[in-house]
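Here are a few exercises to work through with the structure in view. Try each task before you read its solution.

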Amino acid sequence: MMKISFQDVKQTTTSQGQTAPGSVAQTPDGASWIYVKAAGAIAAGNAVVPNTAVGVDTVSSSANNLGQIVYITEASAGWTVGAYAGAYGVVDDGTGVGQVFKVMDNTADTLILFPAYALTTALAVADSDITLTFPNLVTKSAITDKAQQATGISQIAFASGEYGWVLKQGTGKVIAGEALTVDLSFVTGDDTAGQVLKGTTAKGAFDEQYLGYCRVANVAADQSTLVYVNVA
């Protein structure tokens with residue numbers, strides 16, 4: 001596993017650098033971290049989740065000079081160049097349905113796929129639809145929902161568009177919307193985005209995602225507290 005320093009995980013950057021989002025690394029204490037990009041402002045101690053998936057209707061495709069179908073076009077898209085780099089997608093309706101791909105880059109109207117993810121069936125503008133998802137473009141966990149497949153817990157503040165590391169496994173802090181119980185679990189779903197609550201007795205993974213357990217209980221709601229993070 002990649003090794004990083006404590007200094008690395010205590011800073012953010014406005015450029016990706018040489019580390020790809022989704023990379024996992026370990027600090028000297030054995031804690032595991034994942035490199036992400038923030039889709040919006042994130043506070044230290046927030047639980048973070050993948051940003052909302054994006055649906056794109058009536059797309060077409062074309063091939064490169066090697067005959068590989070690596071271009072997906074939506075003529076009126078108006079995308080920001082490079083905004084979808086690293087996204088995963090699926091053809092979820094129409095011609096070519098079921099194909100999965102990964103985006104290498106994009107222009108204002110065309111997704112450029114990694115050649116290894118080239119489509120095997122061409123898309124038809126008449127009926128082909130796709131949905132894009134961004135597992136490593138993260139935002140604060142939503143309110144109420146206890147099963148959001150969180151990516152990790154931020155240990156520093158992120159501004160929108162910044163890159164940095166969030167904790168997946170190891171000791172750290174989290175902001176809790178109620179007093180947690182020592183040695184018991186915590187989950188997403190507070191009434192403030194990004195904050196966590198106590199886990200529910202007898203609930204399974206289908207109902208709520210286990211994020212770790214409390215080491216030192218907070219004395220009041222909406223405070224940071226010390227926890228062991230264990231996000232699968």
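**Exercise 1.** Find how much space lies in the largest pocket, and what lines it.

Solution. Start with the volume: the largest pocket holds about 390 Å³ of space. (A pocket, on a 1 Å grid over the protein atoms alone, is an open set of points where a 1.4 Å probe fits, with protein on both sides within 12 Å along at least five of seven lines; lining residues have an atom within 4 Å of a point.) Next, the lining: it has 19 residues, and Q16, P21, A85, G86 and A87 lie nearest the centre. Two elements, β8 (100-106) and β10 (129-140), each give two or more residues to this lining. The largest share, 4 residues, is from β10. Strands here are DSSP runs of E with at least two residues, numbered from the N terminus.

This is a predicted model: local features need pLDDT of at least 70, side-chain atom pairs count only at pLDDT 80 or more, and totals for chains, interfaces and linings use all residues. Residues are numbered from 1 along each chain as its sequence is written, and side-chain values use heavy atoms, leaving out hydrogens and water.

**Exercise 2.** Work out how β15 and β16 run and which residue is the bridge partner of Y213.

Solution. First, β15 (residues 212-216) and β16 (residues 223-230) run antiparallel, joined by 4 bridges; strands pair if DSSP finds at least two bridges between them. Then look across from Y213: its partner in β16 is Y228. Finally, check the hairpin, where 6 residues sit between the strands and D222 takes a positive phi near 65 degrees.

Methods. Grid points are joined across faces, edges and corners, and a volume is the space filled by probe spheres set on the points.
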